[in-house]
Each structure stands twice: as C-alpha cells, then as structure tokens.
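Good morning, and thank you for making time for this. Please have the sequence and the model open while I speak.

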Amino acid sequence: MYLKSIELSGFKSFAKKSELKFTSKVSAIVGPNGSGKSNIAEAFRFVLGEQSIKSLRGKKGEDLIFNGAGDLPRANRASVKVIFDNSSKFLPLDYEIVTIERVVHRDSVNEYLINGSQVRLRDVVELLASAHIGSSGHHIISQGEADRILNSSIKERKAMIEDALGLKMYQYKKQESERKLEKTRENIKQVESLRREIMPHIKFLKKQVEKVEKTVEMKDELLKEALEYLRREDEYINRGESKVKSLKSPLLEKEKELEKELNTTKSILENAKNKDEKSDKLISLEESLHKIRDEKDNLFRDFGRLDGEISSLVKLVKKQEEVAQSYEHKTVTLVSVESLSIAIETRIKEAKSKGNLEAMLEALEEISHRLSDFIDHNKDKVDMSLLSDAQKDIENLKKSKKQIEKSLEEIKERENKLTDEYSKLKNIIEKEKDKNRDAEKAVFRIMAESGEIRSKIHDLSLESENLRLLKEDFKRELIELGHLVGTHVLQFQSPQGSPLGNLKEDESRAKQEERRRKIEKIKIRLEDSGGIGEADVMKEYTEASERDTFLGKELLDLEKSATSLTELIANLDMRLSTEFKTGVEKINTQFKEYFSLMFGGGEAKLSVTVPIKRKKKDTDLDLGDEDMEEGLALSEVEGEEGIDIEVNLPKKKVKGLMMLSGGERALTSIALLFAISQVNPPPFIILDETDAALDEANSKKYADMVENLSGKSQLIVITHNRETMSRAGILYGVTMGLGGGSKLLSVAFEEALAVAK
Ligand code: ATP
C-alpha cells in the first residue's frame, strides 16, 4: 500500500484540517449530496499537480480556498498534503515516507513541497510520473467523468494511455531533449555568430602579435648584444681605470722624487758660486810657490857657484900642492892672475846675466878651462901664499855652501808644504768642478725625465678623461637599454648570469664599436616598429584566441550534444513507439476481457490512428505555471498519432461510441480504465461515483472488478452504491456541519449506508 493519507486544510469545503487515512486496500467515502466528497477527489488532483481549474470545478485559484460558510471565516490559503509510504521506493526518493504538498494562496500563487522542501511543479510531476501517477489523471475518475476517456479526443486518449503505461517519463525526457536540442541549436548559432564576430578582431590582433613578436625578437637580440656590449664596456672601463691608476701613482711618485732631486741639484749649483775664493787662493799659492822656486833656484845657483869655486879652489890647491911638490914655488905674475880673475868675473857676470843654470854651467866649464889653461901656462910657478889663501877661501866657501844647503832645506820644506797645500786645493777645486758638471748634467736629465713623466701623466689624464666620457656614455646607454629591454639588461653585472662565457681581453675596440653600431641599428628598428603595448596586445590576443578556442570547443561540445540529443530523441521515439504499441496490445487483451465481462460478450479494442488535421487550443491552462506550459502543453499537431476506441456490443449492432447509452458508456469506460490499470497498475485509483449510472447487476460486476483491481492498486471510491461500499475496508463519512464546512468521520458499513443518505 502506497497511499497512507491525505490532509486537507482550507481546501474548498474543508475549512478545518481534515485527514483521511487509507489503511485498507479499498477505502470508501460516503456522504450526502453536497457534503464535499468530490472535493476530496479534487484535493487529490490538486495536490498531484492539476493545472486545469476547470477540472477542479473552479474559475480561478481562489475558488479552491474555503470561502467561509456559516460561522466559519474564509481561509487565506488552501493546502492539501498527500503522504506516501515509500518503503518500496516506488517513488525514486531515498525516503521511507514521502509527502507532497500543494498550497494555493488567494493571489493564485501556488507552492509545491516535497517532504517539506519547496520545489517546482515540474519536480512533482516528474516524481509522480515515475510512479505512473500521471498528470492526465487517468487514475482519478471524477464524478460524472466515468466516460471521460470516451469523450476525450484521440490525442488526449493517447496521452492518457501513455501516462498509464508509464511512457510519460519518456515523453518528458523526449520533450526535454527536444528543448535541449533546440536550445543547443540556438547556442550553436550563437557561438558560430560569436566566432564570426570575433574573427576579424583575432586576425587584427594576430597581426599585432606578429609585430609584437618581431619586437620581442628584436628586444631579445638587443638584450643579447647589449649584455655582451655592456659587459665588455664595463670591463674595458674598469680595466682602463685600474690601469690608469696603477700607472699614474708610480709616475706621480717619480715626479715627486724628481722634484726633490732637482732641488738638491739646484742647491749644489747654488753652492758652485763660491768657487772663486778657492781659485784666488790657488792663484796666491801658485804665486808663493813660484817665489819659493825662484828663491830656491837662486840658492841652487849660489850653491853651484860655491861648489864650483870650491872645486876650482880645491883643484888649484891640489895643483899648487902638486906643483909645490914639483913646482912648489912656481910664481905667476899678478897681472896674469888679475887678468884671469877679471876674465872669470866677466864670464860669471855674463853667465849670471843670462840667469839660467845652463849658462852658469857653461860659464863654469869655461872658467874651469881657463883656470886649467892658466895653471898649465904657469905650471912651474907655485905661489904658496896663494895656496893658503885658496885654502882659506875654500873653507869660507864651504861654510857659505853649508848655509846655502840649510836654506835650501828650509826652502824645500816650505815648497813641499805649499805644493801639498796647492795640490790639495786644486784637487778640491777639481772635485767641485766635477760635482757641478754632474749637477748640471743631472738638471738636464731631471728636466728630461720630468718632461717625459709629465707627458706620460698627461697622456694618462687624457686616457682618464676618455674613460670618464666612456663611463658617462655607458650610464646613458644602460638607462636607454633599460627602457627598451627592461631590467634584464642588468644581468651584464652577474658573471653567472652571463651566457657569454669569459671575455677575451685581446679583442679589438673596433669590434666593440661594431657591436655598438649594431645596437644602435636595432634601437632604430625598434623605434620604427612603434611602441605597441606588448603586454596588452599579447593579453588581448591570448584572451581572444582562448575565447575562440573555447568557443570552438564549445561548438564541438554543442554539436556533440546535439548529435547525442538527436540520437536520444530517436531512441526515445523508438522506445515510445514500441512500448506504446506493446502497451496498447496488452491493454486490448485486458479491455476485451473486461468489456465482455461487463457486457457479457461483445468486443472492444483500441486502435492507433493518425488523426485528420485538427487544431485545438487548450484554454484550460489558466494557472499560468510556466513549467507546466513548457512541459505539458498539449495541442494537436498535424499527423500525430492518437487512440481510437472500437466497441462491438453483444447482440447489438452498435459499433460507434456515440451510439452507446449512458450506462453503456460508463461500463465501456470502466472496462477500459480497469484494463489500463491492470496492465500498468497505478499505486492508487480514485473513482468518484463512477458507479452512479450502474444498475444493480452491473453494480455487482463493478464491485467485483473494484475488488479485483485492488489487488494491484489501492482504491478510493466515492460512492452512494451499497455494493461498492460493501467492498471497502475503511469507510469515511462526509457531512456538511451546521456551522458550515465539510466534516469527516470514520464510519462502519451500516453507518455508512445511513450517512450516504
Ligand atoms: P454529491 O454527492 O452531490 O456529488 P458531494 O458530496 O460530492 O456531492 P461536493 O461536490 O464535493 O459534494 O461538494 C460541493 C460542496 O462544496 C458545495 O456545497 C459547495 O458549496 C462547497 N464548496 C465548494 N467550493 C467551496 C469553497 N471554496 N468554499 C466553501 N465551500 C465550497
């Protein structure tokens, strides 16, 4: 048993909350006319999602709300809650108990709740469809609608049967798939048009990107060249600076030294000015020496003369002595001696006047000869007095000689002293002369060296200035390159970061210059390419192409899903068609049986038919629920299948439905309804006075079928029929209370009979 109970609150005549529990397979609701029985059947339709107010006997939603009666005020809302035992999981929800509730407010707003949670109508409809409780309401036969199925159009009939066969789910799925397919196709169109729209932009961006890529390439090239260039330049400048520094400092040192040396040398030359004093002294020494030498010469001369005189006197003495021995007394005339003496004196004077030793010696020689001649001439005459005089003279002369010798000694000593002094002074003067000459030379050398050093220092200063200019250029270039290629350019400083390897020192500057020119060329090319916002273009292009790729993918997905939806629809169509056909066949078997049971023979069958062109607008959809309109709007479409009913009453020539009596229509209808319910039993069936038109014999048959049917579906029968009532396990009496509004009471069979009247 699936149906546990139903609660009505403010619904139609049920002002107060009223609950009917369905604990039996067959429950009967009895009561007098107008007590509100049919309202209960309608409460079922209502809660199960009925959208046709007309079929709920109203004009608008408000008509479903208790409108006040007697003492009871009108309600603001009508609610109906149906409670299912879902332990068999006939409803695909993981709950033992499932409650479905619908509320309608006076402003016609509807609320749907499953297990207390607000849901859409669609959710309720789909949930019920899965348990063959379709919206067509084939399992709820309202009062006076026993022959509804017969009155319906072939299209409605088909829907009813599909519903009963549990094909509604497939239809929903199909409709859903068709909607999805349509939407997918729309989406495909949209995506295609979007792609078409963005294509020119992408093309434009692509061109921009190509430009940017070229710029990036140029920048890469520039960076590569710049790194090499900057590293080398930096290296060159640093190397140059340290070279200048290392060369300059010894030069400056040397310059200082030279200056010092020059000062020393200059002071030497300054001192040289005092040399005249020494020269004067040397001259005076020279003069003294000269005098002494003259003196010495004179003494020598005197000495020589004395020596000569002595020796001639000695010889004379000797001769006289010899003569004396032989010519001891040889006498010479005085005149002869005097003349000799005069001759000698004259000779001496002559020699003396010549003033030199040689003349002196010559004179002495001559004198010696004369004396010898004189002696030889007077040999035989020796004068003794003369001899002694001579000896005395010798003695005197010797004394004089000694004196002269002494003087000579002294004079020699003095000469030596002077000579010594002279040579010393001369030596000093010579030395000083040498020194000055050296100093003069040194001055020239120093000047030359200083000049050289100064020129070297000047060269180095030029080089230093050159390096300073290079450094300034370097800084400017670095900033410029930084602007163009960013901070990567600073990598030139990191030795690890350099992809260039070790720099070779011996590279010529020409190569570096070549590099610089290359960099300049790239810069110009870069400037020519114009400063497109790289990042922006790339970003925009990436975004646009990603969007295009995304759209492309989406298009593929959409096409795939369109294909699979088409396949699904085809499958569903096939399934619907086959299951419908087999379902109809099964129903026919049952229909035939029930029909012949009801009519004691005859034949009846359903046939699938293609209707003639007919259009009918369903004006019943006045609750305005969009979900419902979307999913269930039923309007006949040209050439769609429908269900026709053929009947053949026993012993009558009646073949068309139109020709049946009211009872016959009711019986045929019931037979069909029961047949359908046999094939695919719904959890419950509600029959509102379906038995009204039956006579006693048929009432019995009807009651038997109800009993029979209750084996598969729970039955709720609203009836005045005793026979029907007798098959019910539970009986509810409905009365209209004095204060207004329907009242419910559980009654026994006997009471029921009374209540029913
Ligand atoms: P019968 O046996 O004649 O078919 P019934 O028991 O089926 O009668 P219903 O048709 O269910 O009776 O009830 C109709 C009663 O409900 C009427 O008296 C009507 O006034 C009352 N009713 C219908 N709608 C409302 C409403 N909105 N507010 C109050 N009462 C209402």
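I will discuss helix packing, then aromatic pairs, and then a few individual residues.

Please keep in mind that this is a predicted model.

Let me begin with the helices. Two packed helices are described by the angle between their axes and the distance between the axes. For helix α11, residues 534-599, and helix α13, residues 662-679, the angle is about 140° and the axes are 8 Å apart. Angles over 145 degrees would count as roughly antiparallel, and α11 and α13 are therefore oblique to each other. The crossing of α11 over α13 is right-handed. On the α11 side, the contact involves Gly-583, Lys-586, Ile-587, Gln-590, Phe-591, Tyr-594, Phe-595, Met-598 and Phe-599. On the α13 side, the residues in contact include Glu-664, Leu-667, Ile-670, Phe-674 and Val-679. By class, the contact of α11 with α13 comprises 14 nonpolar, four polar and two charged residues.

Helix α13 also packs against helix α14, residues 696-709, here at an angle of about 10° and with the axes 11 Å apart. That angle makes α13 roughly parallel to α14. The crossing in this case is left-handed. From α13, the contact is formed by Leu-667, Ile-670, Phe-674, Ser-677 and Gln-678. From α14, Asn-698, Tyr-702, Met-705, Val-706, Asn-708 and Leu-709 take part. The contact of α13 with α14 has seven nonpolar and four polar residues, and no charged ones.

I turn now to the aromatic rings. How many aromatic pairs are there? The count comes to eleven. One of them joins Tyr-2 and Phe-90 in a tilted arrangement, with 4.4 Å centre to centre and 50° between the planes. This pair links distant parts of the chain, 88 residues apart: Tyr-2 belongs to the segment before β1, whereas Phe-90 sits in the loop between β4 and β5. Tyr-2 is partly exposed, at a relative accessible area of 26%, while Phe-90 counts as buried at 14%.

A second pair is formed by Phe-474 and Phe-492, edge-to-face, at 5.6 Å centre to centre and 75° between the planes. Phe-474 lies in helix α9 and Phe-492 in the loop between α9 and α10, so the pair ties together parts that are 18 residues apart in sequence. Are these two residues buried or exposed? Both Phe-474 and Phe-492 are buried.

Ring pairs also build a cluster, made up of Tyr-2, Phe-22, Phe-44, Phe-84, Phe-90 and Phe-684.

Finally, some individual residues. Ile-292 is located in helix α6, residues 275-327, and is buried, with a relative accessible area of 2%. Leaving aside residues up to four places away in sequence, Ile-292 touches Ile-411, Arg-414, Glu-415 and Leu-418.

Lys-12 has a phi near 50°, a positive value in a residue other than glycine. Lys-12 lies in the loop between β1 and β2 and is buried, at 10% relative accessible area. Asn-115 likewise has a positive phi, near 50°. Asn-115 is placed in the loop between β6 and β7, and at 25% relative accessible area Asn-115 is partly exposed.

Thank you; I am glad to take questions.

How values were computed. Residues numbered from 1 in each chain as written. Predicted model: local features only at pLDDT ≥ 70, side-chain atom pairs only at ≥ 80, totals over all residues. Heavy atoms only, no water. Axes fitted to C-alpha atoms, helices over the stretch in contact; angles between N-to-C directions. Helix = DSSP H or I, 4+ residues; strand = E, 2+ residues; numbered from the N terminus. Parallel < 35°, antiparallel > 145°, perpendicular 65-115°, else oblique. Left-handed = near helix turned anticlockwise from the far one by under 90°. Contact = heavy atoms within 4.5 Å. Nonpolar A, V, L, I, M, F, W, Y, C, P; charged D, E, K, R; others polar. Phe/Tyr/Trp six-rings, centres within 6.5 Å; stacked < 30°, edge-to-face > 60°. Buried < 20%, exposed > 50% of the residue type's maximum accessible area, 1.4 Å probe, protein only.
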